[in-house]
There are 2 protein chains.
Amino acid sequence: MDNKNNHAPGRAVQAAFVGVDWGTSSFRAWLMAADGQVLAHTRSSEGMLHCAQAGFAPVLQAHLAQLQAPAGLPVLMCGMVGARQGWLEAPYLHTPTRLDALHQGAVPVPFDFAGHELRILPGVACTDARQPDVMRGEETQLLGAIAPDFTGSVCIPGTHSKWVSLQHGAISGFATCMTGELFAVLSRHSILSHAVEATEAAEVAAAAQVPDAAFLEGVASALREPAALTQLLFRLRAAQLLGHEQRADGAARLSGLLIGAELAAMRARQTAGDGQGVQLIAAGRLGTLYHAALEAAGFAPTLRDAEDASRQGLVQAARRLWLAPR
Amino acid sequence: MDNKNNHAPGRAVQAAFVGVDWGTSSFRAWLMAADGQVLAHTRSSEGMLHCAQAGFAPVLQAHLAQLQAPAGLPVLMCGMVGARQGWLEAPYLHTPTRLDALHQGAVPVPFDFAGHELRILPGVACTDARQPDVMRGEETQLLGAIAPDFTGSVCIPGTHSKWVSLQHGAISGFATCMTGELFAVLSRHSILSHAVEATEAAEVAAAAQVPDAAFLEGVASALREPAALTQLLFRLRAAQLLGHEQRADGAARLSGLLIGAELAAMRARQTAGDGQGVQLIAAGRLGTLYHAALEAAGFAPTLRDAEDASRQGLVQAARRLWLAPR
């Protein structure tokens, strides 16, 4: 458990709540002031998958102690902790749904520890039977990163990349691409494991430090042949067997093919033409890669930090719940 | 090792050669008469992956004994046994290549057992740097199943499905789709493992006994949105989470999506329109599924048995090598 604590005795600013982003494989908590200032934070790999076995309450208690969170402070959580397999199911809001109404769906969690009041923010579901889809955690990032009356498109890349359409601050629809997970399973479990150098992380992000030539060629191939993904994947292997490409480039090229396939799918879905603005909520190398790929696909991306977005979303919702009730 | 032996003492027909189809995960051998009659056969799961550890020669010796193959009989092999990771590399022929020239690329294998002469048929490579591709084993099926002067398209589904264009009996080009392998890794190692009932076999074939509604809907979805595969895959999971679809249908639907994506890719590649004839070389349930999917995609498939094709291809090549030298 990493932690950083500015919450020393004598500190002037008062803690107002604890925000928790609890994902499938990661945990992040922030001790927050009412004005959005971070007083202390912790993070660990105790995500939902870990806690489904080990229990959720002990993990949260340990982090609250680490943060030196005052007794009785409210705690607001988002992410997979609210899934059916999580701590307690927080039922999905249904599209269309305004982002500033997220807090109204927050579900109270029974938690007998130092008087803390606990709530989990809901995910969002698109229940249209023709294109059913679900998100948990990204809705909070949208609340934190997107202007209140925003209309347009947002891309949130990851294991399951989200593409969200907003109309005047409401989620009108969204789609998920399995991009990051495809990279992980193909590079570990398929014949492409022979075509890709071993990488430590499961994420597409791990594939390339900066958008190199192989990555951009992969993106271009997928954009040029948008229907040919299952074929382009095998071609990666064949090109190495025949000496046209190097194994050292395999991971970057695979990453480019999969991100390119995602962009081709989403470009086919867009009604607007070239140069369309897209808000890109991402962190680190994944942000760099998607920014380059989006530009290559003719989008005009604006990058926003993913962790900032989660934290700011929790602040917005906590204000409405506890700090400035309406 | 399964075996069936008609090769009893006093049998009138004389054995002329042994044909072996030695794939990644399977081994099949036939004791053949010069006229193509099968005198005995064996099969096992001692494929290339098994033998790369355990050795190739002992496996072949055991099967030759099982077949009661007379000493000195020539043995002709095809498939992954000739790959770089196989017994001995049989260099690829390059497109365009005539099928009736395959035997000229057969590589002799040192084998000191009962005077048998051993050869491995070559695979075929498409060395065009824009669409590099390789096959091993399918070229022998083509030789066995396709008329000598055939012009048209052939689909050979499997772990790595092949789509082959022929011009007057020569392979002019081909493409591979990772359809079967995608089904295997996604249903075992991704979040879709929660959306698919456990199946025993890795093949797409295992997904559905007959083309049921969920399979055909999957095919239709992929054909309707040919660029959207990474999105359609996640939608399968979301639709179950939201109660629109049943887990019992998950495997058939996933199989349909992946086969549909393959057909969409290949349809985009074809210059001809609806009703185009396609020779389909496949066995069992896989043949049934692809036949239905091809019809749904507007092709006019003709089904040919995959095992017959391999055996007949070995007969054709053996005749040219040993039985009726030109």
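This is a predicted model: local features need pLDDT of at least 70, side-chain atom pairs count only at pLDDT 80 or more; totals for chains, interfaces and linings use all residues.
**Entry 1**

I then checked which residues of domain 1 of chain A lose the most area to domain 2 of chain A, and found A:Trp30, A:Leu99 and A:His103. Together these three make up 24% of what that side buries.

For the bounds I took domain 1 as 1-125 and domain 2 as 137-326 of chain A. By contact, I have 35 residues of domain 1 of chain A against 26 residues of domain 2 of chain A.

**Entry 2**

I counted 2 salt bridges between domain 1 and domain 2 of chain A. I also looked at the salt bridge of A:Arg28 with A:Glu307, where the closest N and O atoms are 3.8 Å apart. That pair passes the rule because the cut-off for a salt bridge is 4 Å. Polar contacts between the two domains of chain A come to 7 residue pairs, both residues being at pLDDT 80 or more.

Next I asked which elements supply the side of domain 1 of chain A that touches domain 2 of chain A. At least two residues each come from β2 (15-22), β3 (27-33), β4 (38-44), β5 (75-78), β7 (97-98) and β10 (124-126) of chain A. The largest share, 5 residues, is from β2(A). I sorted the residues of this side by class and got 20 nonpolar, 7 polar and 8 charged.

**Entry 3: chain B against chain A**

I turned to the two chains and found about 3800 Å² buried between chain B and chain A, 69% of it given by carbon and sulfur atoms. B:Met178, B:Thr230 and B:Phe234 supply 17% of the area that chain B buries against chain A, more than any other three residues. In contacts, I find 48 residues of chain B touching 48 residues of chain A.

How many salt bridges does the rule find across the interface of chain B and chain A? I got 0. The polar contacts between these chains number 10 residue pairs, both residues at pLDDT 80 or more.

On the side of chain B that touches chain A, two or more residues come from each of β10 (124-126), β11 (133-135), β14 (170-177), α4 (179-189), α6 (229-241) and α7 (250-269) of chain B. I note that α6(B) gives the most, with 10 residues. The classes on this side of chain B are 28 nonpolar, 10 polar and 10 charged.

**Entry 4: symmetry**

I laid chain B on chain A and got an RMSD of 0.1 Å, with a turn of 180° and a shift of 0.0 Å along the axis. The two copies are therefore related as by a two-fold rotation axis. In chain B, the C-alpha nearest the axis belongs to B:Ala227, at 2.3 Å. I also checked the surfaces used: 100% of the interface residues of chain B are interface residues in chain A too, so the copies meet through the same surface.

**Entry 5: backbone**

I found a cis peptide bond from A:Thr95 to A:Pro96, with omega near -5°. A:Pro96 sits in the loop between β6 (93-94) and β7 of chain A. In chain B, a cis peptide bond joins B:Thr95 and B:Pro96, with omega about -5°. I place B:Pro96 in the loop between β6 (93-94) and β7 (97-98) of chain B.

Last, I noted that A:His168 has a positive phi of about 50° although it is not a glycine. A:His168 is in the loop between β13 (161-167) and β14 (170-177) of chain A.

Notes: Residues are numbered from 1 along each chain as its sequence is written. Chains are lettered from A and ligands numbered from 1 in the order in which they are written. Side-chain values use heavy atoms; hydrogens and water are left out. Domain bounds come from an automatic or database domain assignment. Contact means heavy atoms within 4.5 Å. Buried area is the accessible area (1.4 Å probe) that two parts lose on being put together, summed over both. A salt bridge is a side-chain nitrogen of Lys or Arg within 4 Å of a carboxyl oxygen of Asp or Glu. A polar contact is a pair of N or O atoms within 3.5 Å; within protein, one must be able to donate a hydrogen and the other to accept it, and residues adjacent in sequence count only if both atoms are side-chain atoms. Helices (H or I, at least four residues) and strands (E, at least two) are DSSP runs, numbered from the N terminus. Ala, Val, Leu, Ile, Met, Phe, Trp, Tyr, Cys and Pro count as nonpolar, Asp, Glu, Lys and Arg as charged, and the others, Gly among them, as polar. Copies are superposed by least squares on the C-alpha atoms of residues with pLDDT of at least 70 in both.
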